[in-house]
Structures are given as structure tokens and as C-alpha cells.
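Dear colleague,

Please find the structure below, handed over for your records. My notes on what was found in it follow directly after.

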Amino acid sequence: MKKPVVGFTGLGLMGNPMARRLLEAGYHLHIYNRSISKAEELIALGAEYEGSPAMVAEHADVVFSMVTDSAALEAIATGQEGILNGLKWGGIHVDCSTVLASTTGKLYDLYREAGKNFIHSPVLGSTTQASEGLLLTFPGGDSEKIEIVKPLLSTFSRLIQEFDHPTQSTNFKIALNSIITGTIGMLSQAMVFLEKAGVNNSVFLSVLAASTLNSATIQFKGNNILDRNFNPRFTVENLLKDARYMSESCAAIGCRSDVSDALAGVIKDAVSLGHGKEDYSAMIKAFESAANVEVKRRI
């Protein structure tokens with residue numbers, strides 16, 4: 001069976017390794033990114049660079065996108081040079097971004113009206129999992145179209161959980177990311193508190209590792225904090241966006257959002273202090289600034 005021609009728009013921290021996995025699996029790939037420099041490695045591996053999302057879609061049976069937020073998704077999907085205009089009748093756009101359900105619901109309807117297909121398939125995992133093909137993926141949309149794209153999703157995923165509608169996938173991912181936000185928020189607060197109180201945070205992480213409170217995220221990010229390693233896998237700016245999306249999504253359906261509201265305030269402070277482009281664990285720097293301490297490994 002002939003493999004579909006694939007497109008990919010948005011080649012940032014996550015999009016680049018996902019696109020690379022598709023290339024390595026033998027798919028013919030057409031790509032676009034606002035900054036062509038982020039596409040150079042993929043071009044060297046055989047991907048064809050196009051001048052717009054629409055041009056990518058013109059060449060592809062299935063187009064993937066991975067962008068920052070709802071505004072960016074709407075721009076690359078419905079703009080004059082967007083995917084919807086370029087995609088052939090019956091073509092499929094699979095977006096993997098973390099966005100709002102109001103956006104994915106609207107796009108699903110727009111694509112159907114045009115005789116085309118939209119699937120929202122956000123992913124859980126970082127750049128390492130993307131590179132190794134170990135992401136968790138949540139496609140939502142028409143089941144027969146999801147079946148078509150499953151082999152493509154499998155190139156970068158170890159688990160695929162389907163949903164009946166794109167908005168279900170969207171809200172599922174927002175809920176998952178709220179756990180990430182809450183985990184790093186509580187870990188940051190606790191570690192700064194212990195540093196200020198004169199308690200060794202290495203002992204704190206060691207005891208957590210032996211308890212039911214532990215998680216891989218707590219150990220990985222906690223030790224990175226102790227080593228002052230804030231190289232980004234997912235940025236503070238993106239964490240702020242996700243906290244705000246949780247608050248906005250709760251408001252849209254009549255739920256309280258006290259926790260995400262409070263966390264967004266702290267994350268905003270970290271951005272204001274100049275740490276927006278650092279790894280999201282740099283949220284701790286807002287707590288450190290207020291306490292006038294720095295959490296680091298004791299020698």
C-alpha cells in the first residue's frame with residue numbers, strides 16, 4: 001500500500017523531532033516554518049521546504065501542525081496562505097498543539113463544510129520522548145479518519161488514545177497540562193521554603209523518591225533545579241499559556257479555576273523577571289526572588 005505524502009507546519013522544539021520521526025519512517029515530507037533555519041536539518045535529511053502552510057497542504061494527503069497557541073493555529077489553518085485553502089478535497093489536517101476547545105471545535109466544522117477533515121491530536125511528552133517515538137497522543141475526530149492517520153501517529157507515539165470529537169482531545173490535554181503546572185508549582189514552593197528554612201533539598205528529593213508522593217517529573221525537575229539546569233524542553237512562557245487556558249476553559253463550562261489562577265500569577269512573575277524562554281522549572285525563580293534565596297545542590 002502506497003504511503004501518504006505528509007506535510008508538517010511548525011518546526012519548533014516539539015515539531016522538529018516529530019517531523020524527523022516521520023522522515024525516518026520513510027514518509028515523503030513537505031515542511032514549512034516561519035524561520036527556515038529551524039527546517040535546515042530536515043531539508044538535509046530529504047524534506048522539501050515550501051513557502052507557506054497552503055503550499056505544504058497542496059502537496060500532501062495529511063498535514064501535521066505543531067504551533068504555540070490558538071491564535072497561531074487559526075493563522076496557519078484559516079489564513080489566506082493557510083492549510084485549509086491548500087488542502088485537497090478529503091485531505092486531513094492533524095494538529096498536535098495545546099490550544100482551546102473553542103478553536104478546535106470551530107476548525108472541525110470549517111473543514112467539514114469544505115469537504116476536508118480536521119483532527120486534533122495533542123501530545124504529552126517532551127523533546128526527548130518526541131525524538132524517541134514515545135509520546136502519548138490523543139486524536140479526536142471522525143474515527144475512520146483517525147484510522148487513516150494512526151500509522152503516522154505511531155511513528156512518534158507509544159500510546160494513542162482516541163476521542164470522538166476534537167474538543168474532547170483538546171480539553172483532555174488542557175487537564176493533563178494543569179497537572180504539570182500544579183506539580184512544578186508545588187515543588188518550587190516547597191524547595192524554596194526548605195532552602196529558606198535551612199533544610200537540604202537533596203534529602204527532600206531522596207525521601208520523596210521513597211514515598212507514594214513521588215513522580216518522575218518531581219525527580220527530574222527537582223534535580224535539574226538543584227543543578228541550576230534550565231535548558232528548555234518546555235518554556236515558562238508556554239506554561240503560563242497553559243495555566244491561562246485552564247482558567248479560560250473552566251470559565252467556559254462553569255467550573256472553578258482557583259488553582260490555575262493562582263499559579264498563573266506566579267508564572268507571570270517568572271516571565272516578568274526575564275525567565276520566559278527558560279525551561280518551565282524556572283518558575284521556581286519567582287519564589288526564589290521573593291524569598292531572596294537560590295535553591296542549589298549542596299557540596
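Helix α9 (residues 166-197) and helix α12 (residues 236-253) cross at roughly 125 degrees, and their axes come within 9 Å of each other. Helices here are DSSP runs of H or I with at least four residues, strands are runs of E with at least two, and both are numbered from the N terminus. Axes are lines fitted to C-alpha atoms, for helices over the stretch in contact, and angles run from 0 to 180 degrees between N-to-C directions. The two helices α9 and α12 are therefore oblique to each other; angles under 35 degrees count as roughly parallel, over 145 as roughly antiparallel, 65 to 115 as roughly perpendicular, and the rest as oblique. The crossing of α9 and α12 is left-handed, a term used if the near helix is turned anticlockwise from the far one by less than a right angle, with right-handed used if clockwise. From α9, the contact (heavy atoms within 4.5 Å) involves N171, I174, N177, S178, I180, T181 and I184; from α12, it involves L239, D242, A243, Y245, M246 and S249. These residues of α9 and α12 divide into seven nonpolar, five polar and one charged. In this scheme Ala, Val, Leu, Ile, Met, Phe, Trp, Tyr, Cys and Pro count as nonpolar, Asp, Glu, Lys and Arg as charged, and the others, Gly among them, as polar.

The model is a predicted one, in which local features need pLDDT of at least 70 and side-chain atom pairs count only at pLDDT 80 or more, while totals for chains, interfaces and linings use all residues. Residues are numbered from 1 along each chain as its sequence is written, and side-chain values use heavy atoms, with hydrogens and water left out.

T181 of α9 is buried, with a relative accessible area of 2%. Buried means under 20% relative accessible area, exposed over 50%, and partly exposed in between (1.4 Å probe, protein chains only). Not counting residues up to four places away in sequence, T181 touches L239, A243, L263 and I267.

Helix α9 also packs against helix α11 (residues 216-226), at an angle of about 45 degrees and with the axes 11 Å apart. Helices α9 and α11 are therefore oblique to each other, and their crossing is right-handed. In this contact T183, I184, L187 and M191 of α9 meet T217, I218, K221, G222, I225 and L226 of α11. The contact of α9 with α11 comprises six nonpolar, three polar and one charged residue.

Turning to the sheets, six strands form an open sheet with parallel pairing, in the order β3-β2-β1-β4-β5-β6. Strands β3 (48-49) and β6 (117-120) stand at the edges, each with a single partner strand, so one side of each lacks a neighbour in the sheet. Two strands pair if DSSP finds at least two bridges between them. Strand β2 (residues 29-32) pairs with β3 in the parallel sense over two bridges, and I31 stands opposite Y49 in β3. Helix α8 (residues 143-153) packs on the sheet, touching β1, β4, β5 and β6, and its direction makes about 55 degrees with that of β5.

Another open sheet has three strands in the order β7-β8-β9, with mixed pairing. Strand β8 (residues 135-137) pairs with β9 in the parallel sense over three bridges, and L135 stands opposite S157 in β9.

Yours sincerely
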